[in-house]
Amino acid sequence: MLVEQDLRPGKIDAAQAGVAGGENPFAIVWRDATHAYVSAPRDRQIVALEVTGEAIKVGTRIATLGPPTALLLDGKARRLYATEDNADRLAVIDTAHDRLVMEPRLGLPDALGATPGKGVNPNGLARLADGRLLVTFGGINALAVVAPVDQGMQVQGLIPTGWYPSAVAVSAQGNHVFVVNRKSPPGPNPLGCAPKLAVQKAQPTACGAANQYIFQLEKGRAARFPAARPPRRW
């Protein structure tokens, strides 16, 4: 049985017509068999859902400072983590009460000095066996090792990756990390269309068939390496 539910407030209740919410749903995680969370980056909110066989009910809408994208649930600690890519923040939500606990800024490790402005673009999440988080920093081509400290989050180190990492996962045994890079140097496109052809009314079929458009030549890549060990002070 197919069950669908529009997440926009005005589509649920006509009295809320025009109220922003639930647009551009991006990621989903399940808290249990009947409860889930959906990130809605366009409206800067995370939507809590109650799901049954007959209906999807929208519950709490949790506002965030930046657009939430990737989601990660820690069921044991009752915490939901969400990357806020354009705000360089990490939202931490108490799933027992569906409320925002904190939104610490993410940046460079303290040993490298102050982070110059924004632009690390956190966009992917995974969790190590010791409780530390792995966060992809698409804006600086790195994977950050992040640990909770004193009601906040500390970036302990950075692992170089390929161009614009956008997803990370840890193996079932917890001993290997996998990172997906969204981009790559495209190289030359000798069979691409000349600039003057782009303005013609009829686009030549040979241009598309050659797959020489610059974005078609970019290749995603994946990397695997041993999981980071905690420092002695951890």
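The largest nonpolar core comprises 15 residues, and those with the most contacts inside it are Tyr81, Leu106, Leu133, Val146 and Met153. Such a core is a set of buried Ala, Val, Leu, Ile, Met, Phe, Trp, Tyr and Cys residues joined through side-chain atoms within 4.5 Å. At least two core residues come from each of β7 (89-94), β10 (133-137), β11 (142-149) and β12 (152-160). The largest contribution, 3 residues, is from β10. Strands (E, at least two residues) are DSSP runs, numbered from the N terminus.

The model is predicted; local features need pLDDT of at least 70, side-chain atom pairs count only at pLDDT 80 or more, and totals for chains, interfaces and linings use all residues. Residues are numbered from 1 along each chain as its sequence is written, and side-chain values use heavy atoms, with hydrogens and water left out.

Beyond its neighbours within four places in sequence, Leu133 is in contact (heavy atoms within 4.5 Å) with Leu72, Tyr81, Leu90, Ala126, Arg127, Ala144, Val145, Val146 and Met153. A second, separate core has 11 residues, including Ala27, Tyr37, Ile46 and Leu71.

The structure holds 7 salt bridges, defined by a side-chain nitrogen of Lys or Arg within 4 Å of a carboxyl oxygen of Asp or Glu. One of them joins Arg127 and Asp74, with closest N and O atoms 3.1 Å apart. This pair links distant parts of the chain, 53 residues apart: Arg127 lies in β9 (residues 122-127), Asp74 in β5 (residues 68-74). Asp74 is buried at 9% relative accessible area; Arg127 is partly exposed at 35%. Buried means under 20%, exposed over 50%, partly exposed in between (1.4 Å probe, protein chains only). Arg31, Asp32 and Asp98 form a salt-bridge network.

Technical notes:
Helices (H or I, at least four residues) and strands (E, at least two) are DSSP runs, numbered from the N terminus.
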